[in-house]
Amino acid sequence: MEGFEPLIQGCLKNDRKSQERLYKQLYVPLFCLCRRFFANDHEAIESVNDGMLRVFENISAYRPEKGKFFNWVYTIVRNTAIDKFKNRVASYGQSDPMIGLEDTEADVSYHPLSSLDGKDLYLLLDRLPPATRVICNLFYLEGYSIKEIASQLSISDGTVKWHLSESRQRLKSIVKRHFNE
């Protein structure tokens, strides 16, 4: 998927056709990323669009010696989705299930998403509450640690652990039923 150099050069010149071609080339994987954070396509598309706008605004900051262009874009779009989620949580205030949970221990050895394909993954993630969905995605699919998730979402480690436990409880029975038929 690399080979973005001509498009990057066009985007640096604010060339709309280069921006459009880059957007179209990256849309599917970025949509799939954002869809894991949100239960509906509209929010996922909005996150992709907002993230790509950030990419276009900051494309001059990309440094090839620091990593691949796709990884740079992926990180920006993922962080945009996380920010969108955090802003939604902030608008709900204290009624959100992430706020005020006691620190709890969680067994993180069971990985409920390990044997699923893409279609199944979205169906299962759609069954989780929004906060649990985001934390499950960041931990199991993005590989963030509990401390990294807590820091990024401005919540306690215990709250992250609670959501991971909640996701495993909800998904374990569904996965067993789905794969043991």
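Residues are numbered from 1 along each chain as its sequence is written, and the side-chain values rest on heavy atoms, with hydrogens and water left out. As the model is predicted, local features were required to have a pLDDT of at least 70 and side-chain atom pairs were counted only at pLDDT 80 or more, whereas totals for chains, interfaces and linings use all residues. The mean pLDDT (the predictor's confidence in each residue, from 0 to 100) is 82 for the protein, with 80% of its residues reaching 70 or more.

Secondary-structure elements are DSSP runs numbered from the N terminus, with helices taken as H or I runs of at least four residues and strands as E runs of at least two. In helix H1, which spans residues 5-12, the residues Leu7, Ile8, Gly10 and Cys11 are buried, where buried denotes under 20% relative accessible area, exposed over 50%, and partly exposed the range in between, computed with a 1.4 Å probe on protein chains only. These residues lie on the same side of H1 because they cover an arc of only 160 degrees around the axis, the arc being that of the directions from the helix axis to the C-beta atoms. H1 is followed by asparagine 14, which has a positive phi near 60 degrees and is found in the loop between H1 and H2. With a relative accessibility of 44%, asparagine 14 counts as partly exposed. A positive phi near 60 degrees in a residue other than glycine also occurs at serine 154, in the loop between helix H7 (146-153) and helix H8 (157-179); serine 154 has a relative accessibility of 60% and therefore counts as exposed.

In soluble globular proteins, nonpolar side chains tend to be buried together.

Ten salt bridges are present in the structure, each defined as a side-chain nitrogen of Lys or Arg within 4 Å of a carboxyl oxygen of Asp or Glu. One of these joins the side chains of aspartate 126 and arginine 35, with an N to O distance of 2.9 Å. The pair links distant parts of the chain, 91 residues apart, since aspartate 126 is in the loop between H5 and H6 and arginine 35 in helix H2. Aspartate 126 is partly exposed, at a relative accessible area of 29%, whereas arginine 35 is buried, at 11%. Arginine 35 belongs to helix H2, which covers residues 16-35, and a polar atom of the arginine 35 side chain lies 2.9 Å from the backbone oxygen of phenylalanine 38. When residues up to four places away in sequence are not counted, arginine 35 touches Asn40, Asp41, Ala44, Tyr122, Asp126 and Arg133. Among these neighbours, Asp41, Asp126 and Arg133 are linked with Arg35 in a network of salt bridges.

A further salt bridge is formed by lysine 84 and glutamate 46, whose closest N and O atoms are 2.4 Å apart. This pair also links distant parts of the chain, with lysine 84 in helix H4 and glutamate 46 in helix H3, 38 residues apart. Lysine 84 counts as buried at 18% relative accessibility, while glutamate 46, with a relative accessible area of 30%, is partly exposed. Within helix H8, glutamate 166 and arginine 170 are four residues apart and are therefore separated by about one helical turn; their side chains meet in a salt bridge with an N to O distance of 2.6 Å. Glutamate 166 is buried, having a relative accessible area of 15%, and arginine 170 is partly exposed at 36% relative accessibility.

Note on methods
A polar contact is a pair of N or O atoms within 3.5 Å; within protein, one must be able to donate a hydrogen and the other to accept it, and residues adjacent in sequence count only if both atoms are side-chain atoms. Contact means heavy atoms within 4.5 Å.
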